[in-house]
Each structure stands twice: as C-alpha cells, then as structure tokens.
Amino acid sequence: MNCSDFLKELTDYLDGVIDADTKAELDEHLAWCHNCYVVCNTTKQTIEIYRGTELYELPDDLRSRLRSAILKKCETSKVAKKNEA
Amino acid sequence: MATIQTKVNEPPSDELELVRAAKGGDIGAFEELVRRYDRNVFRIAQHITQNREDAEDVVQDAFMKAYGNLTQFQEQSKFYTWLVRIAVNEALMKLRRRRPERTVSLDEDVKTEEDSIPREIADWSPNPEQQYTQAELKQILTKTINGLPPSFRTVFVLRDVEGLSTEETADALNLSIPAVKSRLLRARLQLRERLTKYFKRRDNGDGNK
C-alpha cells in the first residue's frame, strides 16, 4: 500500500466502516509512514473541531418568531384546504 | 488510531406518531416536529447559503413545504432526512438566486483531485482550539468552510456536522454513495489543509500562536 492508496481509504478508515484486512493494511502503513499518520490525525481533529463548535446558533427570540410564522402559515393553508374541499 | 465517534441519530420513538397526527391536521404535532429540527435546518441553511436572512427564509419555506406535502412522505425513511432534503433544495435555490453568475449544483465535480492532495503536513498543537478565543475560532472555522465549493460543503455539513449516515446523505442530496464518499473525502482533506495553517505546532518558542 502506498500513500495514495491510503488516502483513498481514509474516509472509511476514520468512520470505522472498513473490513478487517484493509484496516490491518492501513494500520501497517500508518506505523511507518509519518506523513500519512499526520494527515490522518489532523483530519480526525478537523472533523472533531467542526463537530464540537456551534457556528450558527439560532437565538431564542428569532426561533420563536420563525416558529410563529410557520405555524400561522400552516393554519392558513389548512383553512384554505378545508374551504376548497 | 481511534475512529471518530459517530453521533447517535436515531429518531425518537414517538416521531412517526407525530408525523401521522400532523398528516391528519394536528398543528400541535407539527409544532413539536418544528421544535425538534428547526435548529438543524437553520444550521444547514446557513452553511449552504452563507447568509442569515436567506437561512431564516429557508427555515420557514422548508417547514411550510414539509407541512404542505406531508402526505407525500413515505414512512420507510426518517422524517428528518426527508426534511433535510427539502431544506437543502430550498437553500440551493436561494444560493442560485444570489449568485446567478455561478451555476450552483450538487452534481458539479469541482476541479480535479489535485486540490485534495495534502501539501501542508504538520502536527497540530495539543488542544489547537485553545490557542484562540471562541470568537476567533468561530471566525477561522466559518471562513475555512465557506471557502469550500457548495457541493463539498453540503456533504461535509450533513455527514460530519449533522451526523447523517452516508446513505442518508446520499438520499437527502440525491447523490450516489460513491459520490458522497468522494466529496466527503475531498472536503475533509481541504479543510484539514487550510486549518493546518492556523493550528500547526510552532516550535520556535515565540508563544502560542
């Protein structure tokens, strides 16, 4: 296995959805290839840092304003549908 | 090396009952579905459109469309995946309207594999996020993810931020599983490359940054 083969499998490797034989080959490659080890480790950190940081919070006031608008429109469409029927 | 922990993304057991009640016209049941998923829809919409007002519109339009088309919802898939599919389409429409000069499509295969070959190979500092204030960190992460093409950004957000499975992401985006995997790999590698500039270990002894 070379570095390019390793990269192709990186996503499945990190997600843990890989068969045991391929995983063993990847582990073996990681044991001696420092570059792939670093890429693998920092890619994992990339995912974790995005997962752990809320970039777009929905503030409570906006949240309730949006919800009221949605429900009002749903009521209106429900009434319109009833009238059509 | 340990694998990343996948978010548990099972729907609450009462979800199908809520969907059925909402189909029957129970607005209260639909309100509960809105409460469960409005934050997720807002986040996805903002990531795709990169615009707060557009994201607000997407939240309203997506839930309205979902309500209006509930009878079309096939109960063998999760309500959330179905809702995400509607929200992504609404968000992409907004993006196309705002950037008519650039065609925005999830089918685009941007550039070549070249842009995903690792060039910057350096270990990160331990606890890289602690080198920056929370506000600085958010700015770095936002700027970095916004630099990805929409098709990569959307796959990364659904898979890695929202925790959808590969199959659910493919279903929500109407893409094949290999297409999702290929975009996810390239998105992850491009983000890693760009973040390394901020987070790499500095051994010159001049402080933390």
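**Entry 1. Domains of chain B**

I began with the two domains of chain B: 11 residues of domain 1 of chain B are in contact with 12 residues of domain 2 of chain B. I call two residues in contact if their C-beta atoms, placed from the backbone, lie within 7 Å. The model is predicted, so I note the limits: local features need pLDDT of at least 70, side-chain atom pairs count only at pLDDT 80 or more, and totals for chains, interfaces and linings use all residues. Residues are numbered from 1 along each chain as its sequence is written, while chains are lettered from A and ligands numbered from 1 in the order in which they are written.

Domain 1 of chain B covers 15-98, and domain 2 covers 113-199. These bounds come from an automatic or database domain assignment. I found their C-alpha centres 24 Å apart. On the domain 1 side that touches domain 2, α2 (27-49) and α4 (79-98) of chain B are the elements that give two or more residues. Helices (H or I, at least four residues) and strands (E, at least two) are DSSP runs, numbered from the N terminus. α4(B) gives the most to that side, with 5 residues. By class, the residues of that side divide into 5 nonpolar, 5 polar and 1 charged. In this count Ala, Val, Leu, Ile, Met, Phe, Trp, Tyr, Cys and Pro are nonpolar, Asp, Glu, Lys and Arg are charged, and the others, Gly among them, are polar.

I listed 8 helices and 0 strands in chain B. Buried residues make up 40% of its 209 residues. The burial cut-offs are 20 or more other C-beta atoms within 10 Å for buried, 12 or fewer for exposed, and partly exposed in between, with C-beta atoms placed from the backbone. Among contacts in chain B between residues at least 6 apart in sequence, 71% join residues at least 24 apart.

Which residues touch the most other members of the largest nonpolar core? They are Ala45(B), Leu83(B) and Ala87(B), in a core of 64 residues. α4(B) gives the most to this core, with 10 residues. Such a core is a set of buried Ala, Val, Leu, Ile, Met, Phe, Trp, Tyr and Cys residues joined through C-beta atoms within 7 Å. I then looked up Ala87(B). Leaving aside its neighbours within four places in sequence, Ala87(B) is in contact with Val41(B), Ile44(B), Ala45(B), Val58(B) and Ala62(B).

**Entry 2. Positive phi in chain B**

Most residues other than glycine have a negative phi. I noted Gln50(B), which has a positive phi of about 60 degrees although it is not a glycine. Gln50(B) sits in the loop between α2 and α3 (52-68) of chain B. It is buried, with 20 other C-beta atoms within 10 Å.

I also noted Asn174(B), with a positive phi near 60 degrees. Its place is the loop between α7 (166-173) and α8 of chain B. Is Asn174(B) buried or exposed? Asn174(B) is exposed, because 12 other C-beta atoms lie within 10 Å.

**Entry 3. Chain A**

Chain A has 4 helices and 0 strands. It is divided into domain 1 (1-53) and domain 2 (57-85). I found 46 Å between the centres of these two domains, taken over C-alpha atoms. The radius of gyration of chain A is 24 Å, whereas a compact globule of 85 residues would have one near 12 Å. That radius is taken over C-alpha atoms, and the globule rule is 2.2 Å times the number of residues to the power 0.38. Along the principal axes, the C-alpha atoms fill a box of roughly 70 × 35 × 20 Å. Buried residues make up 20% of chain A.

I checked one residue of helix α1 of chain A, Asp12(A). Asp12(A) counts as partly exposed, because it has 19 C-beta neighbours inside 10 Å. Not counting residues up to four places away in sequence, Asp12(A) touches Val17(A) and Ile18(A).

**Entry 4. Where the chains meet**

The contact takes 36 residues from chain A and 43 residues from chain B. On the chain A side, α1 (3-15), α3 (34-51) and α4 (60-84) each supply at least two residues. The largest share, 15 residues, comes from α3(A). I counted this side by class as 17 nonpolar, 10 polar and 9 charged residues.

The buried residues of α3(A) are Cys36(A), Val39(A), Cys40(A), Thr42(A), Thr43(A), Thr46(A) and Ile47(A). Their cover includes α1 and α2 (20-32) of chain A together with α6 (150-161) and α8 (177-199) of chain B.
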